[in-house]
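Open your viewer and get ready to select residues by number. We will go from stop to stop together.

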Amino acid sequence: MIGLGRINRAHLEGLRRAGDVASIAAACDIDRQAVERVAAEQGVEPYTDYRELLKDPQIDVVDIALPHNLHFEVASAALAAGKHVLIEKPMAPSLRECEDLIALAQRRQRILSVAHHGRFVTAYLEVQRLLMEGALGTPRLIRTLIYGSEFRFLTDPNHWRSRAAGSIGGAIMDSGPHSIFLLKWLFGEIDTLRAFTEKLIDASEVEDNAIVTGRLKSGTLFTTQYTFTAENFFSERLEVYGSKGTLVIDQLRDPPAIFYHGESDLRGEVIDRIKFDPSGWKFRAQVDGVEAFANAVARGEAPPVDPEDAAYVIKVIEAAYASVRSGGNPVKV
């Protein structure tokens, strides 16, 4: 494990659940206290330099959860050292770097994947089922909202999230991968987009609010919105407006999922499979994703998150920032 920040708890749990096929062999972080604590808890070797960790021939897989600007450097070194690699999203700062990682993994015959936990969220798996059954009809409009507070990080000039060099981008680069991956997985590729950003936190170098909107290749319209200045428990909302009905999912609402069967349905149908668990739904998905990756490596199978899809996410993000720089003009993806 390289990088022991906030998300590390979910990765540790995912590997614990994959205990029949995997075990934690080493932990690495530049924070010596953090790495010594985790190493002692897990009974493994502590490292403060990832290059030393990669020299260990007994390590098969590297799980990378680092600031965005370090993803390519560490992942490429791990692949070159003959390790399978799981990277937290976003895959890398640029599409070119994503393509280089995919090519390197193919040359080294290693498994590469990205921890896009949306692929494992119970609510989104239910959306997939309803779409496959045709219950929603033809999607006409998709809207997403990712909302929460990063205020304490973005007001800290020493935190990597508030610095362009560390985070590479703000709300679009950090939260955008969730919605863009979801769009690609459930609804298809984007044709054109426009993007707009705002910055409310002066101390930060990156945008804290953003909108990316446009049309999918299928003709479906979409709008994705991201805010780091909402004072609530971090959450997500997905609205699917189809020709047969509307599905609204909001993880902070109880019940979190309601299906409206047409214009005369004022109450809607509660989707019982999607339980109200505002603090646990994301953690469970993160855990499931790490466990699924470990099992895929153990079986020598393709991972559930294709790195090509993760690279496509970065392609869309680059297009979004190009639109922002042009003042919101449409950009072909």
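This is a predicted model: local features need pLDDT of at least 70, side-chain atom pairs count only at pLDDT 80 or more; totals for chains, interfaces and linings use all residues.

Residues are numbered from 1 along each chain as its sequence is written, and side-chain values use heavy atoms, with hydrogens and water left out.

**Stop 1: a salt bridge across the chain**

Select Glu291 and Arg17. They form a salt bridge, with the closest N and O atoms 2.6 Å apart. (A salt bridge is a side-chain nitrogen of Lys or Arg within 4 Å of a carboxyl oxygen of Asp or Glu.) The two partners are 274 residues apart in the chain: Glu291 belongs to helix α11 (residues 281-299) and Arg17 to helix α1 (residues 8-17). (Helices, H or I with at least four residues, and strands, E with at least two, are DSSP runs numbered from the N terminus.) Glu291 is buried because its relative accessibility is 18%, while Arg17 is partly exposed at 36%. (Buried means under 20% relative accessible area, exposed over 50%, and partly exposed in between, using a 1.4 Å probe and protein chains only.)

**Stop 2: further salt bridges**

How many salt bridges does a search of the whole structure find? The search finds 22. Side chains of opposite charge can pair when their charged atoms come close.

Select Asp309 and Lys184, whose side chains meet in a salt bridge at 2.9 Å, N to O. This pair also links distant parts of the chain, with Asp309 in helix α12 and Lys184 in helix α10 (residues 176-187), 125 residues apart.

Now try Asp277 and Arg284, a salt bridge with its closest N and O atoms 2.3 Å apart. Then select Glu126, Arg129, Glu133 and Arg273 together: salt bridges that share partners join them into one network.

**Stop 3: Asp250**

Is Asp250 buried or exposed? Asp250 counts as buried because its relative accessible area is 6%. Find this residue in strand β11 (residues 246-250). Show its side chain, which makes a polar contact with the side chain of Arg237 at 3.0 Å. (A polar contact is a pair of N or O atoms within 3.5 Å; within protein, one must be able to donate a hydrogen and the other to accept it, and residues adjacent in sequence count only if both atoms are side-chain atoms.) The Asp250 side chain also reaches the backbone nitrogen of Leu252, at 3.0 Å.

**Stop 4**

Most residues other than glycine have a negative phi, and most peptide bonds are trans. Here are some exceptions to look at.

- Lys89 and Pro90 are joined by a cis peptide bond, with omega about -5 degrees; Pro90 sits in the loop between β4 (84-88) and α5.
- Asp254 and Pro255 are also joined by a cis peptide bond, with omega about 5 degrees; look for Pro255 in the loop between β11 and β12 (257-260).
- Gln109 has a positive phi, near 55 degrees, and lies in the loop between α5 and β5 (112-115). Gln109 counts as exposed because its relative accessibility is 66%.
- Ile168 is not a glycine, yet has a positive phi of about 70 degrees; its loop runs between α8 (164-167) and α9 (171-174).

That is the end of the tour.
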